[in-house]
Each structure stands twice: as C-alpha cells, then as structure tokens.
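Subject: Structure handover

Hello,

Please find the structure below.

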Amino acid sequence: MTKSIRLNLENKQATNLSENLLEVKNLKTYYPIKGGFFRRTIGVVKAVDDVSFEIKRGETLGLVGESGCGKSTTGRTILRLLEPTSGQILFDGKDITYLRGRELREARRDFQMVFQDPYASLNPMQMVGDIVSEPIQNYTKKSRKQIMDEVMDLLERVGLPEDAYYKYAHEFSGGQRQRIGIARALALRPKLIVADEPVSALDVSVQSQVLNLLKELQQDFDLTYLFIAHDLSVVKHMSDRIGVMYLGNLVEIADKKSIYQEPLHPYTQALISAIPEPDPRKKKERIVLQGDVPSPVNPPSGCPFHTRCPVAKEECSIQKPSLKEVKPGHKVACLLY
Ligand code: SF4
C-alpha cells in the first residue's frame, strides 16, 4: 500500500468517509448508428457494456486494453463528458450518473481530465496563464492577484519556468505542453483525475519525467487517478490495481502484482506474454492471438473473447461469463473459473 493510500485511509477513518471515491456499477455507453434516408437508428455500438469497478481514495487504477476496447469511453462517461446509456456512477458518495445543469457543473470541480494530445487540448490563442486561470475564474470569486499567484505556484509545481505564464502553448515542447494540461487539471484542486493516455503522444525520453511528476502530484494534492493506457509497462509503473478491458467489457481486475505475476484471464495472459523480457537469459513464451478484435456493433455471443481465445470451450460461445471474485480482490470474467 502506498504512503498516499495509507494517509487517505487514515483521513477517511478520521472523517468517516467511504473508502471508495468512485463506484461504477453496470455502466453501459452505447452509440446509436444512424442510416438510411430518414437517418433512423439502424444499430448500436456497444462501446462500454456493463462495466463495474471502484477506486479507493488515493489509489491509482490502471485501465488497459487494445485500442477500441472502451477504456477511453469509460473514462469520459465517468467524467460525464459522454452520456451513459444505463448504470450508475457514484462519486464521493453522490450519484452523478444523470446530473445536469448547475449540479453537474458544481460536481465537475472535483473531477478533471488530462488528455492524450497536449497539442489539441490547449487553446493556441490563449496565454498559458489564461489557460490555467480559466477554471479558477469560472468557479471562484478570487481576485486577479490571488488567481495569478495560484497559477504561478501551479506552473512552478509542474516544473514550468515563471515566464511560461505569458507564453503561448506552441512555444513549448510536447512534454511541457502536457505539464500545462496537468496544471490546468489541478487548478480547482480536484479529487479525481482521469488521465487518458497522458504520455503516449510524448517522446520516450520525456515520458518517465511526466509519469514521475504525476506520481509526485498525487502525494502532494491527495489525488486519486484513473489511468488509461495501452502500454502495459507505463500502467505497471503508475497503478496500484489494474483493470483489463476487451470489447467494452471488464474481463479482469486485481492488484498490480496479481495481474503481472498470475494473470487469470486468457486475454490478460496474452497481453502480459507480449511484454518484452529485459533479461535475455530468461525464456518467455509469447501467446499470439489469432484474428482481429470483433466489431462492437455486432459482438460475439457468449464470452466476447471466445473468437480469439486459445482455450475456448463449446459453452463459451453460448454463455457470457460475469465478473466474479475468484481470490480476495481478484475478479475475472471467464468460464474456466
Ligand atoms: Fe476463453 Fe471461454 Fe474464458 Fe472466454 S470464457 S476467456 S472463451 S475460456
């Protein structure tokens, strides 16, 4: 257990808060497909299909899976940037699933997002000081001087020079732009940050700097992270627990050690087997999956992984396995268990 989680659990006991900051129950996010002359709904994309998990205060939950598996859609639905089709999102004990208007705006102070592409997510017409000030101006009645002091502090805290305040995003490198995005996400002192592939657009040389910064900030600002990435070594570095998604479904979730050392789901086993072994003396057998990920418009019957599963049985194409706890804290959706 990291120092941050321990401190948070102690705080929780002191104030009698729930251990979980976020609880997601049976979340579904479907997109309609329109077609024909009258633009009728002719099908649905099941981007997130009945996903449930929770994140403890001060913890980092990593969400992994191939592109298109629904991990980003899950993150965006939790932040209410996308409308859930059904299910429940409980944030800090409050049901935010269908909040609207002023209530949603107020709730949003406490959860923010760090985006994948620091180039696209920053307004090129605004000075960095204005970009980071904007949320504080929108949500508080602080004076210009107070806001400027806070923003200067934030820029320093994320490792940007003082004169960054008066510059524009295009004057910075990719890593520095991501630091600007992080400062903006921190401006309102949120409780939860959803980081959606925050380093995948950056050079490998700066990735670890940004990851280490996120870790330091987690301690300093008492943050809880949902960390979304396809790179398993990045997720391993950042996460306390890891959830694995396939075709809109959460197929396994457990603490980091269990996922990397004893993966149970055949899909997780294949993902882990593909991580290069740094020690050339150690032999590692790679599980190569056959075929492509099926379309979420027309997912397979039964287990969503059965068309590619190397150990599928006959009933796997008929019966859909539910996510079950098979060891303490280790849940898997597979008929083998
Ligand atoms: Fe493979 Fe069957 Fe388990 Fe699905 S339920 S992962 S097809 S063994």
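How do the residues of the lining of the largest pocket divide into nonpolar, polar and charged? They come to 13 nonpolar, six polar and 11 charged. Here Ala, Val, Leu, Ile, Met, Phe, Trp, Tyr, Cys and Pro count as nonpolar, Asp, Glu, Lys and Arg as charged, and the others, Gly among them, as polar.

Before the rest, some conventions. This is a predicted model, in which local features need pLDDT of at least 70 and side-chain atom pairs count only at pLDDT 80 or more, while totals for chains, interfaces and linings use all residues. Residues are numbered from 1 along each chain as its sequence is written, and side-chain values use heavy atoms, with hydrogens and water left out.

Pockets

The search ran on a 1 Å grid over the protein atoms alone: a pocket is an open set of points with protein on both sides within 12 Å along at least five of seven lines, a cavity is a set where a 1.4 Å probe fits but cannot get out, and lining residues have an atom within 4 Å of a point. Grid points are joined across faces, edges and corners, and a volume is the space filled by probe spheres set on the points. Helices (H or I, at least four residues) and strands (E, at least two) are DSSP runs, numbered from the N terminus.

The largest pocket holds about 460 Å³ of space. It is lined by 30 residues, and Ser-52, Leu-250, Ile-253, Leu-323 and Lys-331 are the closest to its centre. Strands E1 (20–35), E2 (40–56) and E10 (249–255) are the elements that give two or more residues to this lining. E2 supplies the largest share, seven residues.

The second largest pocket has a volume of about 390 Å³. Its lining has 14 residues, with Leu-81, Arg-108, Phe-111, Gln-112 and Met-113 nearest the centre. Strand E6 (111–114), H4 and H6 each give two or more residues, and H4 gives the most, with four. The lining divides into nine nonpolar, two polar and three charged residues.

Of its 14 lining residues, Cys-303, Cys-309, Cys-316, Cys-334 and Leu-335 are the closest to the centre. By class the lining has 12 nonpolar, two polar and no charged residues.

Helix contacts

Axes are lines fitted to C-alpha atoms, for helices over the stretch in contact, and angles run from 0 to 180 degrees between N-to-C directions. Angles under 35 degrees count as roughly parallel, over 145 as roughly antiparallel, 65 to 115 as roughly perpendicular and the rest as oblique. Contact means heavy atoms within 4.5 Å.

The axes of H4 (residues 128–139) and H6 (residues 174–186) come within 7 Å and cross at roughly 25°, so the two helices are roughly parallel to each other. Val-128, Ile-131, Val-132 and Pro-135 of H4 meet Ile-180, Ala-183 and Arg-184 of H6. This contact of H4 with H6 has six nonpolar, no polar and one charged residues.

H4 and H5 (residues 144–157) have axes that come within 10 Å and cross at roughly 120°, which makes H4 oblique to H5. Val-128, Gly-129, Val-132, Ser-133, Ile-136 and Gln-137 of H4 contact Ile-147, Glu-150, Val-151, Leu-154 and Leu-155 of H5. By class, that contact has seven nonpolar, three polar and one charged residues.

Regards
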